[in-house]
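Q: I am new to this structure. Can you take me through it, one feature at a time?

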Amino acid sequence: IESNLPNVGTTIFTVMSALAAENGAVNLGQGFPDFEGDSRLVDTVADAMKRGLNQYPPMTGVPALREAIAMKIDALYGHRYDSNSEITITAGATQAILTAILATVHPGDEVIVLEPCYDSYVPNIELAGGVVVRVPLTPGSFRPDFNKIATAITPNTRAIIVNSPHNPSGIVWTRTEMLQLQELLDPTDIVVISDEVYEHIVYDGKSHKSAACFAGLAARSFIVSSFGKTYHVTGWKIGYVAAPASLTAEFRKVHQFNVFSVNTPVQHGLAAYMVDPKPYLDLPAFYQRKRDLFRAGLAKTRLRALPSEGTYFQCVDISEVSDLSEADFCKWLTSEIGVAAIPVSAFYGSGFDQRVIRFCFAKRDETLASALSRLAKL
Ligand code: PMP
Ligand code: GLN
């Protein structure tokens, strides 16, 4: 049959995790913690199961969880969403992003992505029949270039996908950059899909600037987040979308035929657990210590660490170590040195190679130490 996604193979995350397993390498490729989350969260979910909360929840999500999310967003970002008409629980951020795109993008509409970008965005746009418009983040710094974004906007631009804290670079957009985005979009009716899955992982005393903080952006944004990143449970595949009622109504038309609803006991467990802000407020310090430990080890190698302002990713420039392409270097690193990483070129449609690879440091200290002892040869 003719493929609906002719340019798509197996994702780089699956490929590198398989290669890591094959070679017995320390897997710092695919982004997931190798440690357990809080057992209290597991207990609240188990309790919900035992209490018989095991049938379909409302299509939009369990009300208590939607309300807890609305309260959190209000407390952190100062924008009050109506939990009934503006918050929807999704099967992770992945489904949220796909659904937001399917709900808003018509065949032939242009959607701007800022490369390097998370690998699901482009195939999602293609599935909707949209035209992908790729705008590079500034090579080297990975900061947004608003002149380039402005040039890419046409009367056919339906949406732009932004992602801060940014995977893979770890860059966090500043307030000024968010204001520039708001100003740029002001005269347009462009929808923003704001992928904020790493919202609680920002370092050095800085804070995440959600699109929800800016009235002009909030009014046009689907704000996407994921509990997987925040509570160390990536395998639970649960997240949410916050968006104005008019956008949410369209989102839900697709959502109901996409998954209809997502798993009930986890929603109840999360609703009870997230009332306490401490776990997500503690997250920056928890990961910053790991980031610094990892960077201190990298400093003893010829891998040059780029800034990691947020997320649990650390990018490094490999050019002093090797002439190989990013992809070949990652394969070599996995098979010969025993550490798996992700080539940043995998986040560019053109495969643009700037000799930068990504490590995930959401790992136990022992795992990081083991990876660093192997990397010490470089
Ligand atoms: N967006 C970004 C930027 C991500 O890094 C991830 C997770 N790797 C996702 C979306 C998907 O999140 P989820 O696992 O909740 O679907
Ligand atoms: N988001 C994770 C990463 O960037 C991977 C998720 C996946 O495997 N699809 O590593």
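A: Start with one residue and its contacts, where two residues are in contact if their C-beta atoms, placed from the backbone, lie within 7 Å. Leaving aside residues up to four places away in sequence, Ala327 touches Pro343 and Ser345. The model is a predicted one: local features need pLDDT of at least 70, side-chain atom pairs count only at pLDDT 80 or more, and totals for chains, interfaces and linings use all residues. Residues are numbered from 1 along each chain as its sequence is written, while chains are lettered from A and ligands numbered from 1 in the order in which they are written.

Q: In which helix is Ala327 found?
A: Helices (H or I, at least four residues) and strands (E, at least two) are DSSP runs, numbered from the N terminus. Ala327 belongs to helix H14, residues 326-337.

Q: How is Ala327 classed by its C-beta neighbours?
A: A residue is buried if 20 or more other C-beta atoms lie within 10 Å of its own, exposed if 12 or fewer, and partly exposed in between, with C-beta atoms placed from the backbone. Ala327 has 19 C-beta neighbours inside 10 Å, so it counts as partly exposed.

Q: How far apart are Ala327 and Phe142 in sequence and in space?
A: They are 185 residues apart in sequence and 19 Å apart in space, C-alpha to C-alpha. Phe142 lies in the loop between strand S4 (131-136) and helix H6 (146-152). Phe142 is buried, with 23 other C-beta atoms within 10 Å. Its phi is positive, about 60°, although Phe142 is not a glycine.

Q: What is the phi of Thr311?
A: Thr311, also not a glycine, has a positive phi of about 70°. Thr311 sits in the loop between S9 and S10, and is buried, with 30 other C-beta atoms within 10 Å.

Q: What is the order of the strands in the open sheet of four?
A: Two strands pair if DSSP finds at least two bridges between them. Here the order is S9-S10-S13-S12, with antiparallel pairing. S9 and strand S12 (342-343) stand at the edges with a single partner strand each, so one side of each has no neighbour in the sheet.

Q: Over how many bridges does S10 pair with S13?
A: S10 and strand S13 (residues 356-360) pair over five bridges. Strand S9 (residues 304-305) pairs with S10 over two bridges, and Ala305 has Val316 of S10 as its bridge partner.

Q: Why is S10 largely enclosed by the rest of the structure?
A: Four of the five residues of S10 (residues 313-317) are buried, so the rest of the structure largely encloses this strand. As a general point, side chains in a regular strand alternate between the two faces of the sheet.

Q: What domains does the assignment give?
A: Domain bounds come from an automatic or database domain assignment. The assignment for this protein gives domain 1 (12-30 + 282-375) and domain 2 (56-277). In contact are 23 residues of domain 1 and 23 residues of domain 2. On the side of domain 1 that touches domain 2, helix H13 (283-298) and S10 are the elements that give two or more residues. H13 gives the most, with five residues.

Q: Which residues surround ligand 2?
A: A residue is near a molecule or strand if its C-beta atom, placed from the backbone, lies within 6 Å of it. Thr11, Phe13, Gln30, Gly31 and Asn167 surround ligand 2. Around ligand 1 there are 14 residues, of which Gly92, Ala93, Thr94, Asn167 and Ser226 come nearest. Helix H4 (residues 92-104) supplies the largest share of the shell around ligand 1, three residues.

Q: Which peptide bond from Asn167 is cis?
A: The bond from Asn167 to Pro168 is cis, with omega near 15°. Pro168 lies in the loop between strand S5 (157-163) and helix H7 (175-185). The bond from Glu115 to Pro116 is also cis, with omega near 5°.
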